[in-house]
Amino acid sequence: MNPKWWKESVVYEIYPKSFMDANGDGVGDLAGIISKLDYLQDLGVDVLWLTPVYDSPDHEGGYDIRDYRKIMDKFGTMEDFDRLLEEAHARSMKIMLEMPFNHTSNEHPWFEESRASKKNDKRNYYIWREGRGSGFPNNWGSYFGGSVWEFDADTEEYYMHLYSHRQPNLNWDNEQVREEAYQIVKFWADKGVDGFHFNSIAHIVKTEGHDDEDTGNAQHMPVERAYQMFSSLDKVNGIVKRLYEEIGEEYDIVAIGEAAGLDPSQTLDSISDEPGKANMVLNSDHMLLSHSSQGIGRWTDKTWTLLDVKQSISHWQTVLHGHGWNANNLADHDQPRSVARFGHTGEYRELSAKMLATLLMTLEGTPAIYQGEELGMIGGGFETADDFRDEETLNFLDHASENGIDEEEALRLAKRNTRDAGRTPMQWDASSHAGFTTGHPWIRLAPGYEEINVEAAINNPDSIYHYYKKLIELRKVSQTLLYGEYRLLLPLDPHIFAYTRTFEDETLLIVLNFFAETPTFKCPDRLCERPREFLFGNYEPGVTQGSDFELRPYEAAIYRLG
């Protein structure tokens, strides 16, 4: 099992812009995070994962980085960051930074030099290509729609961007780029940062060529079909190893690689408990089940089925056991809220949020709570196109008609799927602007904050918040929940997600009802011939004898089998 501190930790993801505003300008900041460290400590989390806090023009949620060694003015100063690090460490909490190395801002000095001249020393820091005839270098599609190529009139070539045109892709075939990245990581490790989440690490190496086959009359290859051209390529493994070698020998840190869309077998050569490799992979395949495979990404009515969710999660749980380590999550800043996606936002909101918490905390791997998830925040509240701030959403709305989607339908899909739904301000109390700011929030608050907020949750012993606290406490004292082997039960049951965790001579049974119906759990005889002890759940203990028992709406239960 090879115990490690990062295996036994609970991570809390913070989107700083929406967490807590200390200076009243309507934007969350580092001082705001510092002011809430006692709250996070009381919740029981061990690692604070900060999405990018670096200097940025902030066109793309801070992921368009202008200087990796400076703090964004909206968030404060480097002195604020140093104080955050010191205060977190004083509370035995660690800081993990998100590190996007696939691209920079188009305002980064490297790119400004790169686009200045074809002969500039930094021209090859980015991916530049000549056009083909009168068109793009190839027909790869961007995640944000349209081509991955943007024409630069001054040098008459195209640069690549997998996301926004303001995020030009770095050229990781260039040894100088790799060395720059290694030095940036070392800069933050020297400051005392405890870990890194390497965003979009699977995308940093691209293939060459112009693959136009099988696209019919489409102008751009759908991004899902072009995905193989810029993801999970063999060179990534060597880069990840080298990146971690720069920090792994000297510092006791954790390195997480983002692995959405990759097969687990492709990651096994890159991850390990030991220095020289990344430690964990964050897989979000289950959160992408509602994305279309027809080239329109998230802008669809496609939904998930429980069979798909179980298959996706179980695949990673099984393949990585004994070989690697999962980082598990059900929500993040790029997706609508977990209770709105996988649970219920009406009368069963609290029960469904507790059920999802049980899933998150009982899988093998390190769980990551997204800010507000411990409250059952639902997000949303957007009415018109002017309410959105996310560039991907705005780009979709601007170009929806080109894809045959009328304005009303486009707005409906944007409300349903926008990344902004997970970025509404943290709800601290029932006062104006939910206690997030004394100014005007940079984005709308979600509805219902008067009832769904930290103050109310702390004062209610039966709240989702206290349920999370108890689950975290249970996980930290249970070797079975930390290191036990996962085994899926009833893989074809469309309503119930059930599995066991086994460590040495203890087996825990986890049973989750994902819906408001009351299905019967038909426990496999080999398990339920044994007595079972109720350990924890979101209802009072139910039947603890017999192989078959009815589940209540969104019921979650953890049993110890005798």
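Select Tyr 68 and show its neighbours: leaving aside residues up to four places away in sequence, Tyr 68 touches Tyr 54, Met 99, Pro 100, Phe 101, His 103, Thr 104, His 108, Leu 170, Ile 184 and Trp 188. Contact here means heavy atoms within 4.5 Å. The model is predicted: local features need pLDDT of at least 70, side-chain atom pairs count only at pLDDT 80 or more, and totals for chains, interfaces and linings use all residues. Residues are numbered from 1 along each chain as its sequence is written, and side-chain values use heavy atoms, with hydrogens and water left out.

**Stop 1: Tyr 68**

Stay on Tyr 68, in strand β4. Strands (E, at least two residues) and helices (H or I, at least four) are DSSP runs, numbered from the N terminus. Tyr 68 has 2% relative accessibility and counts as buried. Buried means under 20% relative accessible area, exposed over 50%, and partly exposed in between (1.4 Å probe, protein chains only). Then pick the backbone oxygen of His 103, which lies 3.1 Å from a polar side-chain atom of Tyr 68.

**Stop 2: two positive phi values**

Go to Asp 58, in the loop between β3 (54-55) and β4 (67-71). Its phi is near 65°, positive in a residue other than glycine. Asp 58 is buried, at 10% relative accessible area.

Jump to His 433, in the loop between α13 (407-417) and α14 (454-459). His 433 is not a glycine either, yet its phi is positive, at about 60°. His 433 is partly exposed, with a relative accessible area of 24%.

**Stop 3: a three-stranded sheet**

Select β6, β8 and β7: in that order they form an open sheet with antiparallel pairing. The edges are β6 (128-129) and β7 (149-152), each pairing on one side only. Two strands pair if DSSP finds at least two bridges between them. β7 and β8 (residues 157-160) run antiparallel over four bridges. Zoom in on Glu 150, which stands opposite Tyr 159 in β8.

**Stop 4: Arg 349**

Find Arg 349 in helix α11 (residues 349-362). Arg 349 counts as buried, at 12% relative accessibility. Beyond residues up to four places away in sequence, Arg 349 touches several residues, including Val 339, His 344, Ile 378, Ile 452 and Ile 464.

**Stop 5: salt bridges**

The structure holds 32 salt bridges. Each is a side-chain nitrogen of Lys or Arg within 4 Å of a carboxyl oxygen of Asp or Glu.

Select Arg 91 and Asp 38: their closest N and O atoms are 2.7 Å apart. This pair links distant parts of the chain, 53 residues apart: Arg 91 in the loop between α3 (78-90) and β5 (94-100), Asp 38 in helix α2 (residues 37-43). Asp 38 is partly exposed, at 47% relative accessible area.

Next, show Asp 390 with Arg 419, whose side chains meet in a salt bridge at 2.5 Å, N to O. They lie 29 residues apart, Asp 390 in the loop between β13 (366-370) and α12 (391-399), Arg 419 in the loop between α13 and α14. Both Asp 390 and Arg 419 are buried.

Move to Arg 552 and Glu 555, a salt bridge with closest N and O atoms 3.0 Å apart. Arg 552 is partly exposed at 28% relative accessibility, whereas Glu 555 is buried at 3%. Finally, select Glu 60, Arg 298, Asp 334, Asp 390, Glu 392, Arg 419 and Arg 423: salt bridges that share partners join them into one network.

Methods. Polar contact = N/O pair within 3.5 Å; in protein donor to acceptor, adjacent residues only side chain to side chain.
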